[in-house]
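The sequence and structure come before the details.

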Amino acid sequence: MFAKPVLGRTTADAEGDVVVLLIGMRINHFWAVHQWLPVMLSMFRMLGELARDGDRGLLGRVLLTASPRTYYIVQYWESKEKLYAYAAAPDMFHHKVWGIINRKERAGKARGHVGIWHEAYVVPEGAYESIYADMPAFGLAAAHGQVPVERRGRYAKDRFAHRSGSATS
């Protein structure tokens, strides 16, 4: 009754470049809950902030765990400009959190109990492809929509070769 529909074989309906941000944290010392729990809660608060303001450019996200210590979010953004704008916006929570982190680091109060990291990628059209078999919209398809695989090509090489009218040179 609450299951998401599955659509056979589909692919993401992304057009042009795709912007992907991997962002996460690593718990270095489990006993230092007072250090890592605020970081984790900040991640969720930023996601909530972005969900409430769709114009900021976050198209979709997937929360993952790499180990009992490491948690991260794969985020799909409308553009790198919107990603940068969110990160630097003084009225957004991310800006406040980075201020706190920078002040702690300058004061020598960063204790190494929790690690934080991110990687950002702008993937040009023709350098990504996807396929989902009997899956609801997930990842790139959840962010950009999904179409039957035949619209982009049955084989990975065909989906890599797909070009939209919005491709940037």
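## Terms and model

Two strands pair if DSSP finds at least two bridges between them. Helices (H or I, at least four residues) and strands (E, at least two) are DSSP runs, numbered from the N terminus.

The model is predicted: local features need pLDDT of at least 70, side-chain atom pairs count only at pLDDT 80 or more, and totals for chains, interfaces and linings use all residues. Residues are numbered from 1 along each chain as its sequence is written, and side-chain values use heavy atoms, with hydrogens and water left out.

## Strand β4 and its partners

Leu64 stands opposite Tyr72 in β4. Strand β3 (residues 58-65) pairs with β4 in the antiparallel sense over 7 bridges, and a hairpin of 4 residues joins β3 to β4.

Strand β2 (residues 18-27) also pairs with β4 in the antiparallel sense, over 8 bridges. Here Val20 is opposite Tyr76. Because 6 of the 8 residues of β4 (residues 70-77) are buried, this strand is largely enclosed by the rest of the structure; buried means under 20% relative accessible area with a 1.4 Å probe, protein chains only.

## The cavity

On a 1 Å grid over the protein atoms alone, a cavity is a set of points where a 1.4 Å probe fits but cannot get out, and lining residues have an atom within 4 Å of a point. The structure holds 1 cavity of 30 Å³ or more. The largest cavity has about 100 Å³ of space, a volume being the space filled by probe spheres set on the points.

Its lining includes Thr11, Glu125, Arg152 and His162. β1 (9-12) and α5 (156-161) each supply at least two lining residues.

Conventions: On a 1 Å grid over the protein atoms alone, a cavity is a set of points where a 1.4 Å probe fits but cannot get out, and a pocket is an open set with protein on both sides within 12 Å along at least five of seven lines; lining residues have an atom within 4 Å of a point. Buried means under 20% relative accessible area, exposed over 50%, partly exposed in between (1.4 Å probe, protein chains only).
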